Amino acid sequence: MADRRRINGPAGATIPPVFDDVSTPKLKSPKTRSRPPNTTRKMYLKTGVTPSASGSAYLEIETSATPGVSGLKLSCSVHGPRSLPRSAPFSPHIVLSTHVKYAPFATKQRRGYLRDPSERDLGIHLEAALRGAIIADRWPKSGVDIIISIVEGDQDRETSLLQGDEVWDMMNALGGCITVAAAALADAGIDCVDTVAGGVAALVQDAGEDSIPTVVVDPIPSEHEKILAACCIAYLPTRDEVTNLWFRGDLPTSDIDLYTSLVEKGIQASKNANRVLVGCLAETIE
Amino acid sequence: MTTTTTTTAPPTLAVPGQLLGPASRYQPGPGTHLHNANLYASLLGHVHITQPAQQPQQRQRAPGPAKRLTKITPAPAPAPTPPAELPTISVAVAEVRSSRVPAAGAGAGAAVASGGGGGERKKREVLPEVGNVVLCRVVRITPRQAVVAILVCGDSVLEAEWQGLIRVQDVRATEKDRVRIYESFRPGDVVRAEVISLGDQANYYLSTTRNELGVVLAVSEAGNTMQPVSWKEFRDPETGAMELRKVAQPQPQ
Amino acid sequence: MSAPTIKLPAPLFARLSPHPFLLRNLTSAADPSRPATRTNGRGTQETRPLHAKASSLSHAHGSSLVRLGDTTVLCGVRGEVLPVERVPLFRPVDRGGVGLGRGELRDYDLLVPNIELATGSAPQFLPGVPPTALAQTLSTRVYSLLHSTGMVGVEDLRVWSKPAGGGEDTEMEGAGEGQEEEEGVKEEDRVVAYWVLYIDLLFVSFDGNPFDAAWAAVVAALRNTSLPVARWDPEREMVVCSRTEKRQLNVKGLPVACTAAVFEEKELGEVGTGVPEGRHWLLLDPDRLEETLCREAITMVVDCSDGETRIKSIEKQGGTAIGRELVRGFATIAEKRWKEVQGAMK
């Protein structure tokens, strides 16, 4: 059924451009990581982009060296503390509501206007990550809305859609969402025990099927031949606490060390993000 | 962070989670929290250290004639501080940043100091608390209560609108049974009131029993801003019509 | 006024009674010779500078970021292919085909602008709800202005069955319903598909005057749009695009929107059906506070790119203050605005 509240365009469905790969020489250089395995990409964080909101922040993760690979661009606004809707029951603490949405032009595939399950999923993980950082009982009977627009997803334009990279892209997106939301919350003046930041680590197989997998931080799916597993971690550095851990992939239970090293690398990535976050916040108040 | 900074001074700027000092040296103030016997910042902002006052600070009350005790109240807590008085450490956002003051001066005889606006950095949002004096606008009235939107709490303008209720028994201190809401408030009036309870899930309960509380700004039925003439009447300067209100006693400036 | 009145600091006053606050600011200039100032420190005819940045998004075919004071809009243009078989009531066009022109653009709905306000851009625009009336109105206004200005020509959006070297038998059904397939051999000059431009606008921050900002973003993004060169692949029976070749979209003219709100001395609620009494001020480029206090607004779209000022559209809502003289005078104001915006678009 057509959405009468929007301009819907032609009645017939349109097709995203199909590229003629036959005539062009193979563009894809062998997949190589442009950074050492322990290095995250450069990050740019700024608060106060939405002056009409209580707090806001903008995060951009550097475009990697490979041309055509876009970096992540996120814009976050925080509204609140505000009164809860009249229908809401009494709450002795602040009620957190998170909303993550890709812009229609954020990814290779044009996104719809309604949130899809993956976006809802991101929202839920983000809420879990932030709930552990906020001192919720300082604000009784109130709510706060955290809204993130993913202006540009972390996706490779060149790779075809069939690779199933979406899952790993979501990890990177969540890591960015957590960091940008923490900056916006601090800008809004909502009490937090610590600055929470997100970090991603992955187990990748770079040289063929039989090679030994390695753990890298801040993975870009297009830079690796195959990603076996990845985890996104929300970590509080001063408290040394993990508020949210999201693991996806395929890891044998026999090798518990692999799992721990994945988590440790995730924490390391999160610490890197935290340094940027703290630096940005310090700049804000100066 | 294992550095046990017992001797170093606290930082001047703090981000959430930053160590401010041990709890044995400071009292936690706004924007801080206590964890493992250490004080940490919970907000982004400047660190302020307030030395304890000589006598325990009481909640700031507007000066007014001491009232007869009409109800039993718990004695003011004798300074919730530990015996050895510690300075209070707090974190707060710097208030005004790059404020652009427009040229308009205060109008002659105007009730306002105009100016401000522009790129003023908003203060951190506060919540109304019991005992705060707030300014609110009457949204609707019923015979039992007036529903108001709280706009200003203390000195700070609230970003969000919080709903409040002034029940008929909280309008004035005397002759409570003779109070009529429609003779006290009209929708659109700006009322100064005190928060008496956090109320139910949606509303704060407010009271205007004190003399200096009540309607401060009212517009007549003809649409003119009225002037208070007595404790229960406003007058329209153009039409001369009188309207009943619970008038706030003008405060000496 | 002799009666004791309360004194309020400015932010309190603004919150409690915004209308008198703005009124006082406009009237209380210390000496009458000085022009009136608004609450935001601007003069009545003073606009906020507009900043436009093109091409910041890599997944869109064209994009722009426009900043108008505290209003920030992001616009992404993305082309998708609409094969003619999917167009109901398709009218075939041939290479020299004239006369259909703008009709195709509108009839086949090739331009799809949508405005998203619910990004937390202001406290009243929170997500999770259907588009507000304002968002719907803005989308429709952009839509109709796109068509009425004729900025985008349909020629740029047609995809032809390229003259393939062998002239092989391209049997495409549906398209011409046999009209064109008389012989089926020499018929390279057919439109096989159209590009549909999805123009999505995202408000990052909202502080009044959304239409001017949105329209500037649309214009900047379209000027920045390059679509990949597309051709018909008879073997795969589909339209394929080149990875390397791109063609810049031809955008005709530079229409610029200029909005002003009318602030009346009497407060909104009290002005009945009668004639407006008291003074009024024309506030150019209104901000969020001013928009809520004004019920009358005028938007004029002008284009001076060919030397002469041409009015592309005038829209006026509500109120009765704007008369003939004001509209005429407003053209000069809009012209001045055009120059400013044109400078920013470079």
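Modeller: Lys141(A) is placed in the loop between H1 and strand S5 (142-152) of chain A; helices here are DSSP runs of H or I with at least four residues, strands are runs of E with at least two, and both are numbered from the N terminus. Although Lys141(A) is not a glycine, its phi is positive, at about 55 degrees. With a relative accessibility of 3%, Lys141(A) counts as buried, a term for residues under 20% relative accessible area, whereas exposed means over 50% and partly exposed lies in between (1.4 Å probe, protein chains only).

The model is a predicted one, in which local features need pLDDT of at least 70 and side-chain atom pairs count only at pLDDT 80 or more, while totals for chains, interfaces and linings use all residues. Residues are numbered from 1 along each chain as its sequence is written, chains are lettered from A and ligands numbered from 1 in the order in which they are written, and side-chain values use heavy atoms, with hydrogens and water left out.

A further backbone feature of chain A is the cis peptide bond from Gly80(A) to Pro81(A), whose omega is near 0 degrees. Pro81(A) belongs to strand S3 (residues 73-83) of chain A.

Charge pairing comes next. Side chains of opposite charge can pair when their charged atoms come close. A search of the whole structure gives 34 salt bridges over all chains, each being a side-chain nitrogen of Lys or Arg within 4 Å of a carboxyl oxygen of Asp or Glu. One of them links Asp200(C) to Arg110(A), with the closest N and O atoms 3.2 Å apart. Asp200(C) is in strand S6 (residues 191-205) of chain C, and Arg110(A) is in the loop between strand S4 (95-102) and helix H1 (117-131) of chain A, so this pair joins two chains. Asp200(C) is buried, at a relative accessible area of 3%.

In chain B, Glu212(B) pairs with Arg210(B) in a salt bridge whose closest N and O atoms are 2.9 Å apart. Glu212(B) is buried at 11% relative accessibility, and Arg210(B) is buried with a relative accessible area of 13%. Arg245(B) and Glu243(B) form another salt bridge, their closest N and O atoms being 3.1 Å apart. Both Arg245(B) and Glu243(B) are buried. In chain C, salt bridges with shared partners connect Arg42(C), Arg48(C), Asp207(C), Asp285(C) and Arg288(C) into one network.

The surface of chain A carries patches, which are made of residues with over 30% relative accessible area and no salt bridge; like charges are joined within 9 Å, and nonpolar side chains (Val, Leu, Ile, Met, Phe, Trp, Tyr) within 5 Å. Val242(A), Leu245(A), Ile256(A) and Tyr259(A) make up a nonpolar patch that has about 320 Å² of accessible area together; such areas come from the Shrake-Rupley method with a 1.4 Å probe, and for residues only the protein chains shown count as cover. Strand S9 (241-249) and helix H3 (256-285) of chain A each contribute at least two residues to this nonpolar patch. Val242(A), in strand S9 of chain A, is partly exposed, with a relative accessible area of 38%.

For the two other chains, some totals complete the account. Chain C has seven helices and 12 strands, and 56% of its 346 residues are buried. Chain B has zero helices and 16 strands, and 41% of its 253 residues count as buried. The accessible surface of chain B is about 14,000 Å², with 53% belonging to carbon and sulfur atoms.
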